[in-house]
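Here's a quick briefing to read with the model open beside you. Take it one topic at a time and find each spot as you go.

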Amino acid sequence: MEFTPSMFGEIAALLMLASVVGFIGLALRQPLIVSFIAVGLLAGPSALGLVKSAEPIGLLSELGVALLLFLVGIKLDVKLIRSLGAVSLATGLGQVAFTSVFGYLIGVALGLGHIVSLYVAVALTFSSTIIIVKLLSDKREIDALHGQIALGFLIVQDLVVVLAMIVLSAIGIGSAGRAGGGNAILSVLASGGTMVVLVIVFVRFIANPLTEKLARAPELLMIFAIAQAATFAAVGEWVGLGKEVGGLLAGVSLASTPYRETIAARLAPLRDFLLLFFFIALGATLELSLLGANVVGAVVFSVFVLVGNPLIVLAIMGAMGYRKRTSFLAALTVAQISEFSLIFIAMGVTLGHVTNDALGLVTMVGLVTIAASTYMITYSHRLYDRFEPWLGVFERRGTPREPDTAAEHVAANYDMVLFGLGRFGTAIGLRLQRRGIRVLGVDFNPMAVRRWRELGLDVAFGDATDPEFVAELPLGHAGWAVSTVPVHLRGLSLEDPRITLIQQLRAIGFKGRLAVTSHNEVETVDLSAAGADLVLEPFQDAADRAVDLLCGEQERERPQFPPILAEELPAQEA
């Protein structure tokens with residue numbers, strides 16, 4: 001009897017393959033995204049041929065995409081997005097225009113022909129929102145200023161993708177002799193406006209009372225959140241906006257509710273599981289037999305995307321007044337092409353405008369740029385340290401777009417400087433203020449900075465790993481520098497911001513004492529060896545205090561502080 005694996009067996013095999021390849025990737029210090037794309041290549045028709053049920057895997061992939069964008073939307077700060085609208089529009093459209101024009105010229109110079117060069121140039125303008133958001137989320141930088149700016153111009157790119165595909169669809173309709181192709185763009189724009197109006201109405205009248213009732217059964221609240229993401233994604237696809245935009249709007253529709261952090265925390269593991277199938281589906285569509293058709297062109301275009309795209313974003317953001325560090329970290333996110341690039345070229349193949357050779361060329365560029373940019377984003381801070389001496393040309397004096405730096409506080413004298421303004425850091429700051437201790441808070445998250453101002457605390461916006469910024473801080477009279485910056489590493493390394501901060505403070509001659517947070521005994525030992533005078537262990541310290549209270553020791557009245565709600569601050573502490 002011949003054995004035919006079931007769909008269940010196929011999924012089981014893919015999950016086991018992902019586990020093995022992911023483990024090998026971690027052992028080789030490679031990001032999981034690269035490992036998951038490798039899983040897709042291995043499982044695809046060019047290798048092991050494990051992917052037989054393309055439709056179910058594609059469905060899981062699409063649900064993962066919708067859920068990812070939903071979780072991005074649910075954390076969007078509408079006021080912040082409004083304030084970043086100008087830079088998002090300028091960088092998004094500027095990068096698209098630059099890449100299109102120069103990509104076309106490069107294609108013509110390589111002898112690809114005008115039509116093929118145009119298709120390839122447009123395909124190279126799209127950056128992968130999914131991969132970038134995943135990387136920034138893993139690094140806990142999606143809420144940082146450069147993460148929010150990157151998210152803004154990625155949304156602009158996604159809208160350009162939608163318009164480009166609508167144009168191609170209209171061309172296809174026209175070539176098939178059907179009417180109505182010329183009205184496709186207007187129809188989608190009208191549909192998009194209608195969806196936005198519906199979201200506003202939902203937020204204004206329905207979201208809070210509905211989620212309050214659903215929250216009585218937490219499992220039902222989670223099911224509703226998934227249903228909201230899937231429904232909006234389906235409607236977005238139906239009206240031509242795409243599942244990504246629909247999923248994002250679904251998240252925005254629940255972003256004002258008091259349960260958004262609970263929803264985000266509970267759905268994050270499901271998102272990561274479903275995104276595995278996105279990468280499997282993406283890798284399985286890459287035809288390895290087409291990759292070697294135009295190696296020279298692939299190398300040239302890859303270098304253009306990896307270097308040219310970030311340079312244009314650097315130039316635009318610098319001209320608009322952003323600091324070179326913020327510009328550099330945001331610029332690195334556009335150093336790859338998107339899964340939409342392959343879809344766009346495939347549409348051109350279907351219409352007969354380009355051949356499979358062009359698809360193979362863009363596929364090769366996709367492999368190179370996605371893999372390379374993953375490392376660029378992962379090690380962005382180390383790259384900045386390497387290139388910082390040459391980035392001054394991209395920064396205007398005064399950086400008018402980032403006024404909330406240490407320059408505001410150079411004349412002030414503080415007893416303590418506190419880095420990291422999440423829940424733990426804010427609780428420390430409030431108690432220090434209560435005791436009459438002058439404290440300056442520092443964070444790279446605009447939301448946390450705004451929250452500290454609302455609490456009446458002094459705050460500076462900046463990155464604790466930026467040596468220039470740290471050197472500008474008013475540390476002369478500070479007796480302590482305290483870091484509660486969250487760290488999610490598999491062990492200490494040169495990338496650990498706590499060690500980086502310790503080294504920078506000692507390098508600029510800081511004479512005070514240093515305190516940092518640790519989450520386990522191994523980190524405590526290593527941080528002490530790195531130069532920390534005091535290592536705080538929040539969980540152990542809280543447990544010791546709880547035992548004292550339970551045993552009736554040193555009982556005293558606790559001071560009251562303004563509540564720090566989960567929905568008011570980003571979830572930074574583990």
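At roughly what angle do the axes of helix H14 and helix H17 cross? They cross at roughly 130 degrees and come within 10 Å. Before going further, keep in mind that this is a predicted model. Its chain has 574 residues, and the secondary structure comes to 23 helices and six strands.

**The chain as a whole**
- Of the 574 residues, 51% count as buried.
- The chain exposes about 26,100 Å², and carbon and sulfur atoms supply 64% of that area.
- If you take the contacts with a separation of 6 or more, 76% of them are between residues 24 or more positions apart.

- The average pLDDT for the chain is 78, and 82% of the residues score at least 70.
- Confidence is highest in strand S1 (residues 416-419), at a mean of 91, and lowest in helix H4 (residues 78-83), at 55.
- Go carefully with residues 403-411, where the pLDDT is below 50. In the model, this stretch has 20 contacts beyond near neighbours in sequence.
- Residues 565-574 also have a pLDDT below 50, with 35 contacts beyond near neighbours in sequence.

**Where H14 meets H17**
- Look for H14 at residues 324-331 and H17 at residues 380-387.
- Angles under 35 degrees count as roughly parallel, over 145 as roughly antiparallel, 65 to 115 as roughly perpendicular and the rest as oblique. At roughly 130 degrees, H14 and H17 are therefore oblique to each other.
- H14 passes H17 in a right-handed crossing.
- On the H14 side, Lys324, Arg325, Phe328 and Leu329 make the contact. They meet Ser380, His381, Leu383, Tyr384, Asp385 and Phe387 of H17.

**Where H3 meets H11**
- The axes of H3 (residues 54-73) and H11 (residues 243-254) come within 7 Å and cross at roughly 40 degrees.
- That angle makes H3 oblique to H11, and the crossing is right-handed.
- From H3, the residues in contact include Val65, Leu69 and Phe70. Among those from H11 are Gly247, Leu248 and Gly251.

**Helix H7 and what follows**
- Eight of the ten residues of H7 (residues 129-138) are buried, so this helix is largely enclosed by the rest of the structure.
- The buried residues are Thr129, Ile130, Ile131, Ile132, Val133, Lys134, Leu135 and Leu136.
- Just after H7, arginine 140 takes a positive phi of about 60 degrees.

- Serine 338 is in the loop between H14 and helix H15 (339-351). Is serine 338 buried or exposed? The cut-off for buried is under 20% relative accessible area, and serine 338 has 2% relative accessibility, so it counts as buried.
- Leaving out residues up to four places away in sequence, serine 338 touches Phe126, Ser127 and Ser128.
- Valine 449 is found in helix H19 (residues 446-454). Its relative accessibility is 3%, so valine 449 counts as buried too.
- Which residues does valine 449 touch, not counting those up to four places away in sequence? They are Asp443, Val459, Ala460 and Phe461.
- Phenylalanine 461 is twelve residues from valine 449 along the chain, and their C-alpha atoms are separated by 6.5 Å.

Methods
Residues are numbered from 1 along each chain as its sequence is written. This is a predicted model: local features need pLDDT of at least 70, side-chain atom pairs count only at pLDDT 80 or more; totals for chains, interfaces and linings use all residues. Side-chain values use heavy atoms; hydrogens and water are left out. Buried means under 20% relative accessible area, exposed over 50%, partly exposed in between (1.4 Å probe, protein chains only). Helices (H or I, at least four residues) and strands (E, at least two) are DSSP runs, numbered from the N terminus. pLDDT is the predictor's confidence in each residue, from 0 to 100. Contact means heavy atoms within 4.5 Å. Accessible areas come from the Shrake-Rupley method with a 1.4 Å probe; for residues, only the protein chains shown count as cover. Axes are lines fitted to C-alpha atoms, for helices over the stretch in contact, and angles run from 0 to 180 degrees between N-to-C directions. A crossing is left-handed if the near helix is turned anticlockwise from the far one by less than a right angle, and right-handed if clockwise.
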